[in-house]
Amino acid sequence: MDQARDTEFDTILIGGREQRAIVIVDHDDTWPSKAASMAQKVQDSLGPAALSVEHIGSTSVPGLAAKPVIDMLLVVANIDDEESYLVPMESIGLQLRVREYGHRMLRTAELDFHVHVLPPESAEQIDYLDLRDWLRVSAADRALYESTKRTLAENTWSDMNHYADAKSAIIQQILAHARNWRAGQPTS
C-alpha cells in the first residue's frame with residue numbers, strides 16, 4: 001500500500017496499525033437495538049455535550065451486509081475540547097482509537113462499536129447521514145455497495161484502514177446519487 005498513507009495512519013491511530021481479517025456478515029436485525037442502547041449510554045454519559053448521537057454505517061441500513069461493527073456518529077460543539085467527552089466516554093467502555101483534525105473515533109474493547117466524533121455541520125457528518133439515508137432507499141446502490149464490500153473483504157489488508165480506503169471511489173459514486181436525491185433531482 002501507499003507508504004505516505006501508512007505514515008499518516010501511524011500519526012493518527014492510537015495503538016498503531018492493525019491487521020485483521022475483514023469479515024462481512026448478513027444484516028443482523030439486532031443491530032438497530034444495540035445501536036439505540038449505545039446511543040442512550042453516550043447521551044446519558046455526556047448530557048447536553050452530545051448534540052446528537054446517530055446510528056450510521058452499513059449496520060444502520062436494513063438488509064445490508066456489513067462488518068459486525070456498529071458505527072455511531074456523535075456530534076459535539078468543540079471536538080478539540082476532548083475533556084468534555086473523552087472521560088465520560090471512557091467511563092462507558094469506549095477508548096480513543098483515532099485522533100485526527102476534525103475527527104475522533106472511539107471504540108469498545110470488544111471492537112463491536114465505533115463512535116465517530118465530529119463537529120456540527122461538518123462535511124463528514126453530512127456524508128455519513130446522506131450515505132445512510134440513501135442506502136436505506138436505493139436497492140441498486142445498496143446491492144452495489146454490498147458487492148463491493150464482499151469483493152474487497154476477500155483481500156488481505158495490512159491495516160483495516162486500507163480496506164476503508166479501497167471503498168472510497170464507490171462511496172463517492174453513491175454519495176453523488178445521495179446528494180441528487182436530497183436535492184430532489186434524478187439519481188442516474
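1. Let me begin just past helix α7, where G184 has a positive phi of about 80 degrees. Do keep in mind that this is a predicted model.

2. The helix itself has a length that checks out. α7 has 15 residues, 168-182, and at 1.5 Å a residue these should span 21 Å; the C-alpha atoms at its ends lie 20 Å apart, which agrees.

3. Which residues of α7 are buried? They are I170, I171, I174, L175, H177 and A178. Around the axis they cover an arc of only 160 degrees, which puts them on the same side of α7. Their packing partners are α4 (123-137) and α5 (139-153).

4. Helix α2 passes the length check too: its 16 residues, 31-46, should span 22 Å at 1.5 Å a residue, and its end C-alpha atoms are 22 Å apart. Buried here are W31, A35, M38, A39, V42 and L46. Viewed down the axis, the buried residues fall within an arc of 105 degrees, so they line one face of α2.

5. What do the buried residues of α2 pack against? The list holds the strands β1 (52-56), β2 (70-75), β3 (94-100), β4 (103-108) and β5 (113-118), along with helix α3 (86-91). After α2 comes G47, with a positive phi near 60 degrees.

6. One more residue of α2 to look at is K34. With a relative accessible area of 42%, K34 is partly exposed. Beyond its neighbours within four places in sequence, K34 is in contact with I70 and F113. The C-alpha atoms of K34 and H55 are separated by 9.6 Å, and the two residues are 21 residues apart along the chain.

How values were computed:
Residues numbered from 1 in each chain as written. Predicted model: local features only at pLDDT ≥ 70, side-chain atom pairs only at ≥ 80, totals over all residues. Heavy atoms only, no water. Helix = DSSP H or I, 4+ residues; strand = E, 2+ residues; numbered from the N terminus. Expected span 1.5 Å × (residues − 1). Buried < 20%, exposed > 50% of the residue type's maximum accessible area, 1.4 Å probe, protein only. Arc of directions from axis to C-beta. Contact = heavy atoms within 4.5 Å.
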